[in-house]
Amino acid sequence: MINTAFSLVWLRNDLRVYDNQALFEACQAGLPVVALFVATPDSWQQHVMAPMKQDFIRRRVQQLQTELAALNIPLLAIEGSNYSAIPELMQRLIDTGAEALYGHTEYELRERVRDDKVSATFANAGKPSFWFDRKAVMPPGSILSKTGGIYQIFTPFKKTWLARLREAGIRCFSKPKMMPDIKLQLPELPLMKQGDGSSSAYVVDELHILEQMRQFCRDKAAYYQTERDFPALDGTSSLSAYLAIGVVSAQQCISRLQLEAANDWDREKSGAAVWLSELVWRDFYHHILMAFPELIKHKAFQKDTDGIVWPNNLALFQAWCEGQTGYPIVDAAMRQLNQTGWMHNRLRMIVASFLVKDLHIDWRWGEQYFMSKLIDGDFAANNGGWQWAASTGTDAAPYFRIFNPVTQSERFDPDGVFIKRMLPELADVPKKQIHWPHPLPMWSDYVKPVVDHSKARLKTLELFHTVKKPQDVLDHE
DNA sequence: TGCTCTTTTAC
DNA sequence: TAAAAGAGC
C-alpha cells in the first residue's frame, strides 16, 4: 500500500486551534497535517485525574475534531490505555506515512519519559520530532537570577518575569491556514469513547471560550483585585479549567489583557496587574517543578518538614472530604469542590490550611484529593499551592501563619451568602452566627465541630517545632 | 495571601 | 476605653 506522507501533530494539553504553535508549524511545513489525540484512561487513573476532567477532555477533543475538520485537518481521536502503548501506536502511524512529529512539551515526569520514547521511535525511523515549550509563558529555566540561579521566592521571580515581558512581549500564533482536502489512508484504531457527561457545565466551543476570556479582560479584570477574594461573588476569571487542558493559553490571556487593559496591567495593584500576577504564579510553579524534579515524587520542598509525623486521623480526613467538619466555610468550600469540580481560590487556601493545621493531616492527602476532584487539576499549581499552604514549599507561608477559619469566613464571606448557598441546613441561621453556629439552633442538624481551632493551632506549632531547629532551645539553656 | 497576646497611644 | 501598634509564634 502506498501512503501519502503527512506531518503528525500530537495534541495533549493544548486542545486549541488558535495559538497552537505545534499545529501552526506543522501546517507551515508543507505536508498534509494529521492531528492525533490518544485517550489514556489507565494513565489518567494513575494520576488520580478527576472523572470530570476526563470527561471534559473527551468532550473538548470531540469538538476540536469539528473545528479542525473545517480546516481540512483530520483529528484522529484514539482510545488507548496507558502511556507505555504509545510508542507502538506511533510506529504504526510512521508506517502509514507520518514523516514528522509536532507537539508541545510537558513538565511532569511520566509525560517526559513517554515523550522521550516517542521521540526515539521517530528518530529510529529517521524522522524528526519538533517540540515547543509553550505551557508556561516564560519557559522553565528562562527566568533566572543575576547569578544564574533559580528563584525560590515569588516576588523577585515576578520582577524579572515582568521585565522580560516588557522587553520581549508575547507572541501568539494565528489559526493555521486552510489545508488542501486530501484523503489519507490512516490505520484502523479503536476510536475514542464518549465521557460520562459530568463536565457539561463547561462549554467546549473554542470561540465561545475565547469570547469569555475577552469579556473577562475587558469588563472584569479591572475589578479583580477588589472582588477576587469573595467566593459569593463571580469575581474570578473562571478560566482555570480551560487553561488546564489548553483550550486557551496563558499567552492568549496576557495578550488580550494587554489589549483590553491598556497600561493597567503594568500598574501596581490594578485589577489587571493582580490577575497577571496569578498567571505569573502559574509560571513560577512550572519553573520550580522543572528545577526540582523531586517535587514530582511529592517530596517536601523544605526538607526538614518531611520529618513531621502527621497524625493522619482517617475519620477527620473523611469529614474534611465530605464537608462535615462543623466549620461552615470549610464545609461549604468542600461541597463546592465535590459538586462542581471547582473551588474558589480563597477557599482552596482556607481548606488546605484547615486540613494541615487544624486536622494535622499530611498535605499530600489533600493534594491527591484535590486532583481526584478538580476539573482544573494541574500538578505544578496544585502541588505548589498545597506546599505553600502547608508551609513546606517555596516561598511558603511561615509555619506559624495559621488561618483561623472563622476569621477568614467573617472577612471573605461577611454575610454568609456563599455558606448558605452551599449549606442549606444553615439557611435560617442569623448572619452573626453563620460563621460559627455552635451551639446549634435546635432546628438544625448541622454537624458539631470536629476539632477546637485554638487547641489544634497549638498542636500544629508543636508539630513544626519537632523539626524546626530544636538546637536553638538547647543553646540558650 | 495570619493570629494572638501584650503594650502603647489617643481621646 | 478602645483602637493601633508591636512582638513572637
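Two strands are taken as paired if DSSP finds at least two bridges between them; helices (H or I, at least four residues) and strands (E, at least two) are DSSP runs, numbered from the N terminus. This is a predicted model, in which local features need pLDDT of at least 70, side-chain atom pairs count only at pLDDT 80 or more, and totals for chains, interfaces and linings use all residues. Residues are numbered from 1 along each chain as its sequence is written, chains are lettered from A and ligands numbered from 1 in the order in which they are written, and side-chain values use heavy atoms, with hydrogens and water left out.

Strand β1 (residues 6-10) runs parallel to strand β4 (residues 98-104), and four bridges join them; V9 stands opposite Y102 in β4. Both belong to an open sheet of five strands with parallel pairing, ordered β3-β2-β1-β4-β5. Because β3 (75-79) and β5 (129-132) stand at the edges with a single partner strand each, one side of each has no neighbour in the sheet.

Around DNA strand B, counting residues with a heavy atom within 4 Å of it, are E278, W281, R346, M349, F400, R401, I402, N404, T407, Q408, R411 and R457. Sugar and phosphate make up 57% of the atoms of DNA strand B that come within 4 Å of the protein. Helices α11 (271-291), α14 (345-357) and α17 (405-412) each supply at least two residues of this surface, and α17 provides the largest share, three residues.

A polar side-chain atom of R401 lies 2.2 Å from a phosphate oxygen of DNA strand B, while R346 places one 3.4 Å from a base oxygen.

Terms used: A polar contact is a pair of N or O atoms within 3.5 Å; within protein, one must be able to donate a hydrogen and the other to accept it, and residues adjacent in sequence count only if both atoms are side-chain atoms.
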